[in-house]
Amino acid sequence: MTDVATEKPRRGRPPVSDEQRQRQRLDISRHAVRLFADQGVAATSGEQIAQAAGVSERTFWRYFPHKESCVEPLLTKMVDAFCGVLHDWPRELELIDHLREAYSPLLDAATDEDIEAVLAVVRLTHGERALRAAYLMLRERAENALGEVLAERAGLARDAIEVRVQAAAMSAVLKIATDDVATAAADGVTRETLEGHREQIATALRGLSRML
């Protein structure tokens, strides 16, 4: 008669889901931005960020290869919000009209706290080279998403020069408009500022489309 081995109960903490991991990375990102804004990037250590977020240093460094990469989760929310609106662009509408109707400035269903944090990051990138590198890398993601949509609309290859030029030009409009609204909101974010941001993007893209 063969003995049936009984399964031993698991010990330790249950595994963290991807959703929990993303929430924790975003929470760490919020704390990091506050510290960066208050005392500067150079004066802020990974240990300080971990303590502020209530996680161990080991967890912190597992999530982020260097402290400057802490801004990525917040900036990713901004980029993903725009890319999501872009992929839902109806064929019967011009892009400018679609953005006016569907684009929630900067973040989709964001809290005021997150909007202020993102704008703080954008302002910090003006003087912090490491943060600017992360910002521009994520902007490149938005440009790639824009190129995919434009290529599909025009029936062209994604690497066609017409598509790449238009995607790069539109991405530049978004970057400049975001830089402007971040500067304008240095003393506080208002709904009027954010609505002006959306209108600025729409007007600039309309002028750009005429030039192209």
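Predicted model: local features only at pLDDT ≥ 70, side-chain atom pairs only at ≥ 80, totals over all residues.

Q: Where does Arg206 lie?

A: Arg206 belongs to helix H9, which covers residues 191-211.

Q: And how far is its C-alpha atom from that of Ile96?

A: The two C-alpha atoms are separated by 6.5 Å, although Arg206 and Ile96 are 110 residues apart along the chain.

Q: What is the relative accessible area of Arg206?

A: The value is 24%, and Arg206 is therefore partly exposed. A residue counts as buried under 20% and as exposed over 50%.

Q: Let us step back. How many helices and strands are there in the protein chain?

A: The protein chain has 9 helices and 0 strands.

Q: What share of the residues counts as buried?

A: Of the 212 residues in the protein chain, 42% are buried.

Q: What about contacts between residues at least 24 apart in sequence?

A: Among contacts between residues at least 6 apart in sequence, 68% join residues at least 24 apart.

Q: Now to H1 and H2. At what angle do their axes cross?

A: The axes of helix H1 (residues 18-39) and helix H2 (residues 46-53) cross at roughly 125 degrees and come within 9 Å. H1 and H2 are therefore oblique to each other.

Q: Which residues make that contact?

A: H1 contributes Asp27, Ile28, His31, Ala32, Leu35, Phe36 and Gln39, while H2 contributes Gln48, Ile49, Ala52 and Ala53. By class, the residues of this contact of H1 with H2 are 7 nonpolar, 3 polar and 1 charged.

Q: How do H1 and H4 lie relative to each other?

A: The axes of H1 and helix H4 (residues 72-87) come within 7 Å and cross at roughly 110 degrees. H1 and H4 are therefore roughly perpendicular to each other.

Q: Which residues are involved there?

A: On H1 they are Arg25, Leu26, Ser29, Arg30 and Val33, and on H4 they are Pro73, Leu74 and Lys77. The contact of H1 with H4 divides into 4 nonpolar, 1 polar and 3 charged residues.

Q: Staying with H4, how far apart are its end C-alpha atoms?

A: They are 22 Å apart.

Q: Which residues of H4 are buried?

A: The buried residues of H4 are Pro73, Leu74, Leu75, Thr76, Met78, Val79, Ala81, Phe82, Cys83, Val85 and Leu86.

Q: What covers them?

A: The cover includes H1, helix H5 (95-102), H6, helix H7 (129-154) and H8.

Q: H6 is in that list. At what angle do the axes of H4 and H6 cross?

A: These axes cross at roughly 105 degrees and come within 10 Å. That makes H4 roughly perpendicular to H6. The contact is formed by Leu74, Leu75, Lys77 and Met78 of H4 together with Asp114, Ala117, Val118 and Val121 of H6. In the contact of H4 with H6 there are 6 nonpolar, no polar and 2 charged residues.

Q: Why is H6 largely enclosed by the rest of the structure?

A: H6 is largely enclosed because 10 of its 14 residues are buried. The buried residues are Asp114, Ile115, Ala117, Val118, Leu119, Ala120, Val121, Val122, Leu124 and Thr125.

Q: Take Val122, for example. What is its relative accessible area?

A: The relative accessible area of Val122 is 0%, so Val122 is buried.

Q: Which residues is Val122 in contact with?

A: Leaving aside neighbours within four places in sequence, Val122 is in contact with Tyr135, Thr178, Asp179 and Ala182. Val122 and Ala182 are 60 residues apart in sequence, and their C-alpha atoms are 6.4 Å apart.

Q: Is Ser171 buried or exposed?

A: Ser171 counts as buried, with a relative accessibility of 7%. Not counting residues up to four places away in sequence, Ser171 touches Arg139, Glu143 and Leu146.

Methods. Residues numbered from 1 in each chain as written. Heavy atoms only, no water. Buried < 20%, exposed > 50% of the residue type's maximum accessible area, 1.4 Å probe, protein only. Helix = DSSP H or I, 4+ residues; strand = E, 2+ residues; numbered from the N terminus. Axes fitted to C-alpha atoms, helices over the stretch in contact; angles between N-to-C directions. Parallel < 35°, antiparallel > 145°, perpendicular 65-115°, else oblique. Contact = heavy atoms within 4.5 Å. Nonpolar A, V, L, I, M, F, W, Y, C, P; charged D, E, K, R; others polar. Expected span 1.5 Å × (residues − 1).
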